[in-house]
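Hi everyone, thanks for coming. I'd like to walk you through a few aromatic residues today, so let's bring the structure up.

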Amino acid sequence: LIAVVKNRNTVRSNPDIFAFKPKKGDGWTRGNSYARWVSDVIIFHSGIALIRSNAVKVDAAEVLDAVQLPSKGLGDSPTGLLFTYAGGDTITVAVSAENLDAALGPKHDSSTS
């Protein structure tokens, strides 16, 4: 149990990590997941100890205008994002307003937001 808590805290304390909620089917997941960018690859961390990782090359990350967002866990004004993977698959996620720049990735120009 101590190792689980220690690893979870280590992952979450990384300054590049941002919390998000992925959309699954018709709804949003209950708990927050965590991710970080390494160049044009996004690494998703999941599981109780955040030891399961999935790395995916992302071709585009765009802000969604009209999407029903989760009401808990991401602050007062979460934002919806659509990630398009290199193979053409997509995933919709919600991030908090303070994590938006980190979630859009390193190629995003924050001066245009």
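Let's begin with two phenylalanines: F18 and F20 are both buried, where buried means under 20% relative accessible area, exposed means over 50% and partly exposed lies in between, using a 1.4 Å probe and protein chains only. Before going on, please keep in mind that this is a predicted model, where local features need pLDDT of at least 70, side-chain atom pairs count only at pLDDT 80 or more, and totals for chains, interfaces and linings use all residues. Residues are numbered from 1 along each chain as its sequence is written, and side-chain values use heavy atoms, with hydrogens and water left out.

How many aromatic pairs does the structure hold? There are three, counting rings of Phe, Tyr and Trp (its six-membered ring) with centres within 6.5 Å; planes under 30 degrees apart are stacked, over 60 edge-to-face, and the rest tilted. The F18 and F20 pair is tilted, because the ring planes sit at 50 degrees, with centres 6.2 Å apart.

W37 counts as buried at 14% relative accessibility, and F83 is buried with a relative accessible area of 1%.

Strand β6 also contains T79, which is buried at 16% relative accessibility.

Key:
Helix = DSSP H or I, 4+ residues; strand = E, 2+ residues; numbered from the N terminus.
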